[in-house]
Amino acid sequence: MRRLTFLPAVAFFFAATPGPTIAQESGMDATIHYRLGWDNPASQLYTVSVTASAGDEPIIFSLPSWRPGRYIIQNYAANVQAIRARDENGRPLEAEWIDLDSWRVEPDGAAQVTLEYEYYASTLDAGSSTLRPDVAYFNPVNLFPWIEGRMDNPVALTLDLPPEWAIATQLERVDDGEQIEQRGNREVLLARFRAPDYHRFVDSPTVAAPELTDWSFTVDGVPYHVVMRGEVRLGDRTQESILADFEAMTREQVAFFGVTPFDEYWHLYQLVPYPFGHAVEHEASASYVMHDGVFMNDFAYMGFMSTTSHELFHAWNVKRLRPAALWPYDYSTPQLTRLHWVTEGVTSYYDKLFLARSGVATEERYYEALGNTIRSLQRSPGRKVTSASLASLTSWHSGYGDGNPNQSISFYTKGSLLGLLIDLRIRDLTDGEKSLDDAIRYLWREYYEQDLGYPEDGLQRAIETIAGESFDDFFDRYVHGVDELPYDDYLSVVGLRLREDVDETRPAATIGLAPRPTGHRVAIDNVFPDSPSLEAGLMRGDVLVSIAGLEIETSADIMEAMKTHQPGEVVGVVYERGGVENTVSVTLDGGANLRWVVEPVAESTERQLRLRKAWLASDAGT
Ligand SMILES: [Zn+2]
């Protein structure tokens, strides 16, 4: 748990308040009371209200402009409508917009002020809020404002929902018996929750629906819930086998840190019948929106388990152990750090490593995943332009797809490979005595346990302390620079090598562009640098008509055209630009079918085998 500091309670005199108030009923005058309900869920409008005690000063309410986990401005207030305020007797008060996401209310003698509005909740992903007749899913950070100067005050939430619905959340439920209220011709259940402060409150995604599947298991006496909304299609798997994997992976992470920093944990999955994948980490939960086929084949299941492992690891790395730039969270403005290659990338390194260490993934499957990650980075033109640390800093304007696609890189992908290389380098320097694991635990002890965020150079200093050697050169070249990563030099430490191989299922030829389907046609989404398409003068936005005489109706047609031609051949490309049809000749490039295979070297030394064994060994003894 984060350590909590309570500010002194706001001065508040019950005697001056005519009639009972929410604050008096609860006996907590500093408590901020939030309420969420709705009339017609098909409108996708939640009714949000917040009630707080008032003094002489104006009260400033502000909605976050971003949420932890996605480092980009999202302007949640764009979903707010019909702002109004009133006092404890229902007398209207003026609520004035004072900037893009803040409102000022003058109490005008009121003892208590309520701000209320409708919030349009139409996005179903893990970090947004949605309201439909069959589900109410909300991230409090999207739709509940904080009150200036009272972020550390305790919070109470009342959720109005159909009495038969189930709810899952990391928020603490206040058990005050079943409270049912009549609302016109329908009944609503008043479900009450509390949180120690605004930070903890808005960290708590909540899902409510007529039906939720709730599996659970315990590790070291701590209960973990696997909650699923939607159709649970298990295929050949069973609840027991899936929970056994959850438990093994969880034990591994708990053993890594030696401490479980929460009393109870909630994995909240919403399974949808279309291809989708999104997840967000929280202090004692994680929220996921994923395709309901995740259990149906090994590839999808490994993706599901590594995402789950990723979000759980975040409960330590980033929700608690966090760059100083993000400590505490300031929801009003970008918090700049060059460390998202650590918060996200190193987390991505460990998510799959934990599956290997716990036996959920085989060694071969783990090496395959490493090869795929390497392929992903080596296929990104942006790796030659943008460093991992710069990509972290600029996540706020270009980290999630804005800007030139040829200059962007994923700090998840690059960061996970940096984590791998650093880990193997430390193991090499210390003859297997130490590892990146020790550097992460060092940061945990030296910063998180001291109530501190770690500085921008904190991880490098921790690594150097553990390894006993400078990493300046490594960080200059690979973290802050754009040198190609020397995979083989590092993989050889544990007797592995990287081999370029040919994927026989793909054609070798390429014209060097990324397509974007637009209805029954295909436009060019991106032309890669140094590609045949760029050489021929094709541009983003051009609509492809035919390649080598083959009409292009879907992205798969491009692949078909490549299958029947070889690198070096010249093909005609007919395209449309500004409504005018043109033809160019394109000389096809090769290498589109390359893949990267990580595999053991033919003859490993005793040292290589020993270091590999230690690298993949279970901390939990599974
Ligand atoms: Zn993450």
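**Exercise 1. Classify how helix 4 and helix 6 are oriented, and list the residues that meet.**

Step 1. Helix 4 covers residues 239-257 and helix 6 covers residues 340-357. Helices are DSSP runs (H or I, at least four residues), numbered from the N terminus. Residues are numbered from 1 along each chain as its sequence is written. The model is predicted: local features need pLDDT of at least 70, side-chain atom pairs count only at pLDDT 80 or more, and totals for chains, interfaces and linings use all residues.

Step 2. Take the geometry. The helix 4 and helix 6 axes lie 9 Å apart, at an angle of about 110°. Axes are lines fitted to C-alpha atoms, for helices over the stretch in contact; angles run from 0 to 180 degrees between N-to-C directions.

Step 3. Classify. Helix 4 and helix 6 are therefore roughly perpendicular. The classes are: under 35 degrees roughly parallel, over 145 roughly antiparallel, 65 to 115 roughly perpendicular, the rest oblique.

Step 4. Helix 4 passes helix 6 in a right-handed crossing. A crossing is right-handed if the near helix is turned clockwise from the far one by less than a right angle, left-handed if anticlockwise.

Step 5. List the residues. Helix 4 brings M249, E252 and Q253; helix 6 brings F354, L355 and R357. Contact requires C-beta atoms, placed from the backbone, within 7 Å. By class, this helix 4 to helix 6 contact has three nonpolar, one polar and two charged residues. Ala, Val, Leu, Ile, Met, Phe, Trp, Tyr, Cys and Pro count as nonpolar; Asp, Glu, Lys and Arg as charged; the others, Gly among them, as polar.

**Exercise 2. Describe the crossing of helix 4 and helix 5.**

Step 1. Helix 5 spans residues 298-314. Its axis comes within 11 Å of the helix 4 axis, and the two cross at roughly 35°.

Step 2. The crossing of helix 4 and helix 5 is right-handed.

Step 3. D245, M249, T250 and Q253 of helix 4 meet M305, S309, L312 and F313 of helix 5. These divide into four nonpolar, three polar and one charged.

**Exercise 3. Work out the orientation of helix 5 and helix 6.**

Step 1. The axes come within 8 Å and cross at roughly 120°.

Step 2. Helix 5 and helix 6 are therefore oblique to each other. The crossing is right-handed.

Step 3. Helix 5 contributes M305, S306, S309, H310, F313 and H314. Helix 6 contributes T347, S348, Y350, D351, K352, F354 and L355. The contact of helix 5 with helix 6 counts five nonpolar, six polar and two charged residues.

**Exercise 4. Find the backbone exceptions in the loop between helix 5 and helix 6.**

Step 1. Most residues other than glycine have a negative phi, and most peptide bonds are trans.

Step 2. V318 lies in this loop. Its phi is near 110°, a positive value in a residue other than glycine.

Step 3. P328 is in this loop too. A cis peptide bond joins W327 and P328, with omega about -10°.

**Exercise 5. Check the confidence of the model.**

Step 1. The average pLDDT (the predictor's confidence in each residue, from 0 to 100) is 94, and 95% of the residues score at least 70.

Step 2. Over residues 1-28 the pLDDT is below 50. Beyond near neighbours in sequence, that stretch has 41 contacts in the model.

Methods. Two residues are in contact if their C-beta atoms, placed from the backbone, lie within 7 Å.
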